[in-house]
Amino acid sequence: MIDEQALVRQLKDKTTQEQAFRILISQYKERLYWHIRKIVISHDDADDVLQNTFIKIYRSIDKFNSESKIYSWMYRIATNEAITFINKKAKEKKIDISEYNLNMIHTLQEDSLYDGNEIQLVLQQAIATLPKKQQLVFNMKYFDEIKYSDMSEMLETSVGALKASYFHAVKKIEKIIKSH
Amino acid sequence: MTDKELKNIAPLLYQLKKMGSGFSVPKNYFETVETTIGFDIFSANKEQVFKTPENYFKTIEDSVLNHIHKTDAAFSIPEGYFDTIEDNVLEKINKEHKVISLKNRIVKQFIPFIAAASLLLFISLQFFNTHDTDLFVSLETSEIENWIENDELGLNSYEIASLYDDIDIENLDINSLYDDDEMLNYLNEVDVESLILTN
């Protein structure tokens, strides 16, 4: 278990920064990747956003003030980078973000990096119908099993609101899956 | 929401949870991405490693200017070039004037002949055009009928009907003109859809 405070000190110290940063990447690359992937859908896009996220974390490390956990702070940066990315892509294609999300899900069947069966695809389609923030809450709770207290720091939303959002998301998605 | 609660509220979702999202990654992706990210971030710092010689930026200006002056000296011109150039240019201009005036003289001499030929052509064309109207009169009636039947006329049914404004179509009693059998025979033979008037 990494001592977070020690790691943060090393990250801010120029003499130890590179080594500390390599540890940070090693520890968090997979968790951040899967979080980003569920937002952007495509592996190539997730790869781009993941790299941009770590670059941003590196450049902003001096601004991290330890009021939240470093993991929550990194997750917040990853979320913002991913959402900015898909908004930009939707704007380039001159479509709204909901249509962009649905289009991305429709391409999943032909995606060689998607192994899901038919019902799993229905689940992804159902998730894509939710409002963006509710999608985040659902994915972070259902797939990543992130605690509500950590999620509250990452999404800057109260625990109560997150619980309600997740409950409604679950009901809605269950209904969609049942109808198939 | 615990798994137990999820099972009660959404049993299908509870079962699907074990299957995961369905997304996968290329082989060894997480091993290689670390190297890629490290390179992206830490290679940016390496620009500080390059150094320049002492006073490099102070001396470079003199060095470049010296090089330019040497290059200037490499070009040379024939002796007395600027003295003779004036005469050479004027001579060329005078030659061009002579060529232009000869062309003007030739064109002026032939204008009357060109005008006369144009007038003759115009008159003869007019003569041959009047002959065309006679051709129309000599056409056989049967040729005109065939032309209309082959739909060459370019008029629709409404336009043709407007020519017969002396006929009161609204009060026309078709029954008095044709009996039922004749009408039925006609309807059997003709393509009814072709009779439908369209706007």
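These are my entries, in the order I looked things up.

**Ground rules**

I note that this is a predicted model, in which local features need pLDDT of at least 70, side-chain atom pairs count only at pLDDT 80 or more, and totals for chains, interfaces and linings use all residues. Residues are numbered from 1 along each chain as its sequence is written, while chains are lettered from A and ligands numbered from 1 in the order in which they are written.

**Confidence**

I looked up the overall scores and found ipTM 0.86 and pTM 0.59. Where in chain B is confidence lowest, and where is it highest? The lowest mean, 57, belongs to helix α8 (residues 174-177) of chain B, and the highest, 92, to α2(B).

**Chain A at a glance**

I counted elements using DSSP runs, numbered from the N terminus: helices are H or I with at least four residues, and strands are E with at least two. Chain A has nine helices and zero strands. Its order from the N terminus is α-α-α-α-α-α-α-α-α.

Next came burial. I call a residue buried if 20 or more other C-beta atoms lie within 10 Å of its own, exposed if 12 or fewer, and partly exposed in between, with C-beta atoms placed from the backbone. By that count, 30% of the 180 residues of chain A are buried.

I also checked contacts, meaning residue pairs whose C-beta atoms, placed from the backbone, lie within 7 Å. Among the contacts in chain A with a separation of 6 or more, 57% join residues 24 or more positions apart.

**Chain B at a glance**

Chain B has 10 helices and zero strands. Of its 199 residues, 4% count as buried.

**Where the chains touch**

How many residues of chain A are in contact with chain B? I found 34, and they meet 24 residues of chain B. On the chain A side, the elements giving two or more residues are α2 (17-40), α3 (43-60), α6 (118-128) and α9 (159-179). The largest share, nine residues, comes from α2(A).

I sorted residues by class: Ala, Val, Leu, Ile, Met, Phe, Trp, Tyr, Cys and Pro as nonpolar, Asp, Glu, Lys and Arg as charged, and the others, Gly among them, as polar. The side of chain A that touches chain B then splits into 17 nonpolar, six polar and 11 charged residues.

**Helices α1 and α2 of chain A**

For helix pairs I used axes, which are lines fitted to C-alpha atoms over the stretch in contact, with angles from 0 to 180 degrees between N-to-C directions. The axes of α1 (residues 4-12) and α2 of chain A come within 7 Å and cross at roughly 130°. That makes α1(A) oblique to α2(A); angles under 35 degrees count as roughly parallel, over 145 as roughly antiparallel, 65 to 115 as roughly perpendicular and the rest as oblique.

From α1(A), A:Leu7, A:Gln10 and A:Leu11 meet A:Gln17, A:Ala20, A:Phe21, A:Ile23 and A:Leu24 of α2(A). This contact has six nonpolar, two polar and no charged residues.

A:Ala20 is partly exposed because 19 other C-beta atoms lie within 10 Å. Beyond its neighbours within four places in sequence, A:Ala20 is in contact with A:Leu7, A:Gln10 and A:Leu11. Its C-alpha atom is 5.9 Å from that of A:Gln10, 10 residues apart along the chain.

**Helices α7 and α9 of chain A**

Helix α7 (residues 132-142) and α9 of chain A pack at about 85°, their axes 9 Å apart. That makes α7(A) roughly perpendicular to α9(A). In α7(A), A:Gln134, A:Val137, A:Phe138 and A:Lys141 meet A:Leu162, A:Ser165, A:Tyr166 and A:Ala169 in α9(A). By class I found five nonpolar, two polar and one charged residues.

**Two positive phi values**

Most residues other than glycine have a negative phi. A:Glu145 has a positive phi, near 55°. A:Glu145 lies in the loop between α7 and α8 (148-155) of chain A, and is exposed, with 9 other C-beta atoms within 10 Å.

In chain B, B:Asn28 has a positive phi near 60°. Its place is the loop between α2 (11-17) and α3 (29-42) of chain B. Is B:Asn28 buried or exposed? B:Asn28 counts as exposed, with 8 C-beta neighbours inside 10 Å.

Technical notes
Two residues are in contact if their C-beta atoms, placed from the backbone, lie within 7 Å. pLDDT is the predictor's confidence in each residue, from 0 to 100.
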